[in-house]
Amino acid sequence: MNTAHNMTKYSLRSWVLVLALAPTILVGILLGSYFTINRFYDLEDTLKDMGSNIIEPLAISAEQSLSTNNREITKILLARAQLNKSTLVKSIAIFDINNQLFVTSHYHKDFEVMRYKEALESLKETQFEHEGDTLIVRTPIFAISDKQPMGDSSDEGGGRFSEAVIMPDNSNATLLGYVSMMLNKEKALLEQHRAAVAAFIIVLIGVQLNLLFTFRLVKNVTQPITDMVKLVGKIREGKLDARLEGNLIGELDLLNRGINAMAASLSEYHDEMQQNIDQATSDLRETLEQIEIQNIALDRAKKDAQEASRIKSEFLANMSHELRTPLNGVIGFARQLLKTPLHSSQMEYIKTIERSATSLLQIINDILDFSKLEANKMVLETMPFGLRASLEDTINLLAGSAHAKGLEFVVDVDANVPENLSGDVMRLGQVMTNLLGNAIKFTEEGSVHLKISLASLEDNNLTLRCEVTDTGIGIDPEQQELLFQAFGQADSSISRRYGGTGLGLVITKRLVVQMMGGRIGFNSEVGKGSSFWFTVPLQLSPFPVHDTLPLEKLIGHSVLLFEPRKLTRESIARKLKDWHMMVTLASNEDELERHLDDRHYDAILLSGQSCESCEDLQRHLSQVKDHTGSLLLLNDCLDPEVYTQEMEPFVDLVLQLPVSELKLAQNLIFPPVKKNAAPKPALATKPSARHPLNVLAVDDNLANLKLIDTLLKELVANVVAVSSGDQAVALAKSRSFDLIFMDIQMPGTDGVTATRLIRQDSLNRNTPIIAVTAHAINEERERIQASGMDGYLPKPIDEAALKGVISRWLTRPKFTHFDSNTLNWELCLSQANQKEDLAIDMLKMMLESLPGTVNDIELAMARSDNESMLYTVHKLHGASCYCGVPTTQKLCQQIESALKRGADVADVEPEILELLDELTKVESAATQVISQMSAEVPNEF
């Protein structure tokens, strides 16, 4: 790619010049160099031949003089030879056998360079040596005994002399010395320079001729091409009327005509395109006008949709209030009637009313949940919870429906599933309730089985898998696609037969997939049942929700389990084996009797399924009781209270099926106190003592006001009920109360306004005010809590919830020395799932870690260590999420976010200093709360 790019940087003119000149210059240099070098060698060979022709006759002539040691004759001979070639020969010298100078033509100061440097025996023929600008020629002188007489100097004789001097073939030849002659090379060098200059001139003339023809070629080729390039540039600029004139040579003329034709075609296309553009512009202008009109309509539609959404939210809030308000009276008074003496038919009627109202309330809740999911306004909470403990509440809610239909209801939790988790336990329970409720509703006989297992566990993150399997009617494959659609069911006849809005599964799917980030699916076969499963990601909680049971005490204990039903038997047996107990199983009466023979068990779990009547079961229990010190009866009777009262004298404890894992373990570890053989007469129920509190109740609905007044009078000593916000404000200015229950929606002065007026100027500025409202939308709850109210009690009012509110505010500590944003005890309780012991433990853990945390923050700030600061603040942020410290949590979030975006410690130094000040306040506040809450306060009536 780089080579191609470099080639495009040079013009055609440059390439023509390079390609035309380069071969000519290269060939000229090669030929000139070749002939010049040959000339150099020829001149050198000629010089050597001339030297040989001079020195070899001298060597022959000097043989006799050297043999007779006659220097005079030899000197004359040498002088004449030098004078004969005075321009060529610079000096001649003869050296004897001892390599000593014998005679020279004339004195020469550099005769040493003429001396032979090696052994004389190696000098057997004429040798040449270059020394600067001279040539040294040396020829050996031999003494030959049998000489031929010197005749004329013919070629033949000269040949013989040369052969005799160079290659003496007589074995008697003796080396006498050698002749050394210094020749001048200046003339030869001059001839060499002349030859080089001549070659250079010839090459230069050739290059000039080549340049002449090359420039002529460039002019005839590159100039037209340049003109064509300029023409193409004009065409690109939009000058489509430009043309090339004149005739060119060869293919250039064809290219010229093609460019002119292309320009003519482009001109035609341009004119046509301009016409199309003008037409398209006109059409586009009309379209834009239409789009502008549509945008205005869409803007109006958007505003209408927003207004409709606002109206829908208000409608849902109002409908929630309007529907829940009468339901509050219906359910509340129905439950109050159940406390009065009624005959059996009246009791059944009241229970039917209560169940119907509760079903209607569930339908309302489903519609509201669906609306919140549709509007993406549902927010999940994250708080620690105990899986098995919370699961017990869900199972107890549904067990009655399953037992009423005679179904085997089994709950199976794998032993490797952790107990202490963190997440939205309410929504998780809602998903399980929906799936289990559907399974029970569509199953007439058989079983409903809930299995919970651990899908994955990595660090503190885990995935929980829950599967609900039933033996119900199943779902047709053609109808399965409709299963997760809103307001629909697999078959319209199912809706008529079983009832329901069809929202349960769609709410379940959206909660699992959209809100929790999990998965959901099912398998079903008509007539054989269905299996629904879902997975949800949760986190391990570092805080234990309840005390850990000492399960090691059960290791090696013997237990006998009698349960005819396979699923229930296998589920309970698995739990017992996980606790390393010695388990003996019996599935029928014969096996039970065989296992009871002469054996004693630490505990016996016995099901009454095989007995046809209570008398048979009581007799059966009396026989089994002798074989154990702890007899536990497994009950799935429709009326557990009556059943328990009848069986209580014969067993140590009655456990409702599906049995709670925690309750089963607790009663096996700590066996219940044994009962007497005969039933005791029922003691009259002692009325519970009322709390000495003055409570104000405000509600504009007379039925609801009557209900809450009735419920409160059963719990507290003095209740004042008023029906308007104005009356509540006036009464609050003249009388002090311990607790105020305030309705929200009231004509005139509503609950929020009344609360604000009471907080401004009254005797009850610090009195806890609890909102009593039928609103079930999160935004409405947040608005209520932000108005200055201290708590929230939803309608329909549940008696247990009312007791919990009074108990919570009865034991509420009075913190007056710090801001609630520094430490909010109510928030701390909420994050601890309303468990005071857990909330105090979390505060203690944070208080213990504060000195080290402050030290780490100060050290990281002094060193400007971003990584250490981020780690410390992140750790503190995680702890603050469980301790009810809003300001600390907010500052940690700001600092952590800034550091993750690449900010330095110096950039967030103001926030860090503010955090350090806040931690000092938190330490003081936490110390006060822990000290004040350490005193024992009664939690129940």
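V197 counts as partly exposed because its relative accessibility is 48%; here buried means under 20% relative accessible area, exposed over 50%, and partly exposed in between, with a 1.4 Å probe and protein chains only. Before going on, a word on the source: this is a predicted model, where local features need pLDDT of at least 70, side-chain atom pairs count only at pLDDT 80 or more, and totals for chains, interfaces and linings use all residues. Residues are numbered from 1 along each chain as its sequence is written, and side-chain values use heavy atoms, with hydrogens and water left out.

Back to V197, which sits in helix 5, residues 186–236. Helices (H or I, at least four residues) and strands (E, at least two) are DSSP runs, numbered from the N terminus. Together with F200, I201, L204, I205, L209, L212 and F213, V197 makes a nonpolar surface patch of about 820 Å². Patch residues have over 30% relative accessible area and no salt bridge, and nonpolar side chains are joined within 5 Å. A salt bridge is a side-chain nitrogen of Lys or Arg within 4 Å of a carboxyl oxygen of Asp or Glu.

Next, the aromatic rings. How many aromatic pairs does the structure hold? There are three. Rings of Phe, Tyr and Trp (its six-membered ring) pair if their centres lie within 6.5 Å; planes under 30 degrees apart count as stacked, over 60 as edge-to-face, the rest as tilted. F95 and Y178 are stacked, at 5.0 Å centre to centre with 15 degrees between the planes. F95 belongs to strand 1 (residues 89–96) and Y178 to strand 5 (residues 174–184), so this pair ties together parts 83 residues apart in sequence. Both F95 and Y178 are buried. Ring pairs also bring Y116 into a cluster with F95 and Y178.

A second stacked pair is F522 and F532, with 5.2 Å between centres and 20 degrees between planes. F522 is in strand 11 and F532 in strand 12, 10 residues apart. Both F522 and F532 are buried.

Those two strands, 519–525 and 529–540, pair in the antiparallel sense over seven bridges; strands pair if DSSP finds at least two bridges between them. S524 has S530 of strand 12 as its bridge partner. Three residues lie between the strands of this hairpin, and G527 takes a positive phi near 85 degrees.

Strand 18 (residues 691–698) meets strand 20 (residues 739–743) over four bridges, and V695 stands opposite L739.

Definitions and conventions
Patches are made of residues with over 30% relative accessible area and no salt bridge: like charges are joined within 9 Å, nonpolar side chains (Val, Leu, Ile, Met, Phe, Trp, Tyr) within 5 Å. Accessible areas come from the Shrake-Rupley method with a 1.4 Å probe; for residues, only the protein chains shown count as cover.
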